[in-house]
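Hi everyone, thanks for making time this morning.

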Amino acid sequence: MSAGTDDDPGMQTFDLPDTPFTRTDLDRLGLTPDRLRRAIDRGQVRRLLRGVYVDVRLPDSIGIRVLAMKTVVSPGHVACDRTAAWLHGIDVLGGGVWTIPPIEVSALRGRPATERGDLHGRNRDLASRDIQEIGGVLVTTPLRTALDLGCVLRRRDALAALDRFRHAFDLTEQQLVRELPRYFRRRGVIQLRELVPLADPRAESVRESWTRLAITDAGLPAPVLQYEIKVDGVVLWRLDLAYPEARVAVEYDGEDFHHTDEQLEHDVRRRAWLARDGWRVVVVRRGDFTGAQLSRWISELEGALRSPYTNLRW
């Protein structure tokens, strides 16, 4: 790909590869460090990692990230934790976008952890069954990655990661439980043991997982996930989290799916139907997971479940 500017005669046209490149490639590409800086400032080149760059016209992809990692990860090191999740196609950063995660790698047994400044190096006692290869990069398997994240992430993000790995890779609770003895005395293992039984592959978003965890942490009964309301055998609505006996639903209104006029109109029509059918919907929004906002909807849910019109007890 050719790049350059028409309004800066000092900025000559140069060829950018369709793969990530490093500073050692500048001469071959007809670039100097100063031209590279200007290309970055002009939005022609973006930085992937320290000293690793790519043409901005190349879309982000797992393949591009793998190629970038191959320029910085030494042989004998395994991508782990959030980096491994990202290479498996699971975003555990909670932003819903392909944000560049810190590069986290573990040295194989008998090798020192990396000291490179932009890599988070560590040592893990990885067995051969914990490691696979993606595009020539060693990475922890989905099962191992899910368990590691269950230890190292903050609690609600850890559950979301376990949910997503169970869904994406058909991991069972039994598979997770079988590996728990290997984590004896590992930092974060108490959290992992608590979360494994709560993980559910039916969760469809990070904040849906957060919502479910907030409910169970409040001592309320666990809801049914993705509950279908059928009329004459046809699925009319599907509820994120529901208590069918109490006719109570809990739904997270995410910005990605509830911000257009059409989506808002659908929500109004849907919730009006549910109200007519005797359902009460507790709505959770962004920012409702701490402080007074969290207490508000938890109290609303608790009150709905204690309605005199239901025999539900906990």
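Glu 133 stands opposite Leu 138 in strand S10. The two strands here, S9 (residues 131-134) and S10 (residues 137-140), pair in the antiparallel sense over 4 bridges. By pairing I mean that DSSP finds at least two bridges between two strands. Strands (E, at least two residues) and helices (H or I, at least four) are DSSP runs, numbered from the N terminus. The hairpin has 2 residues between its strands, and Gly 135 takes a positive phi near 60 degrees there.

A word on what you are looking at. This is a predicted model, in which local features need pLDDT of at least 70 and side-chain atom pairs count only at pLDDT 80 or more, while totals for chains, interfaces and linings use all residues. Residues are numbered from 1 along each chain as its sequence is written, and side-chain values use heavy atoms, with hydrogens and water left out.

How confident is the predictor? On pLDDT, its per-residue confidence from 0 to 100, the chain has a mean of 86, and 86% of its residues reach 70 or more. Please be careful with residues 6-11, where pLDDT stays under 50. Where pLDDT is low, the predicted coordinates should not be read in detail.

Now to helix H5. Of its 11 residues, 10 are buried, so the helix is largely enclosed by the rest of the structure. Buried means under 20% relative accessible area, with exposed over 50% and partly exposed in between, using a 1.4 Å probe and protein chains only. Among the buried ones are Pro 142, Arg 144, Asp 148 and Cys 151. What do they pack against?

Take Leu 147: leaving aside residues up to four places away in sequence, it touches Leu 176, Glu 179, Leu 180, Tyr 183 and Leu 192. Contact, by the way, means heavy atoms within 4.5 Å.

At 13% relative accessibility, Arg 166 counts as buried. Its C-alpha atom is separated by 7.7 Å from that of Ala 199, 33 residues apart along the chain.

Last, the open sheet: 3 strands in the order S3-S5-S4, with antiparallel pairing. S3 (21-22) and S4 (45-49) stand at the edges with a single partner strand each, so one side of each has no neighbour in the sheet. S3 is joined to S5 (residues 52-55) by 2 bridges, and Phe 21 has Tyr 53 as its bridge partner in S5. Helix H2 (residues 33-41) packs on this sheet, touching S3, S4 and S5. Helix H3 (residues 62-70) packs on the sheet as well, touching S4 and S5.

Definitions and conventions
pLDDT is the predictor's confidence in each residue, from 0 to 100. Axes are lines fitted to C-alpha atoms, for helices over the stretch in contact, and angles run from 0 to 180 degrees between N-to-C directions.
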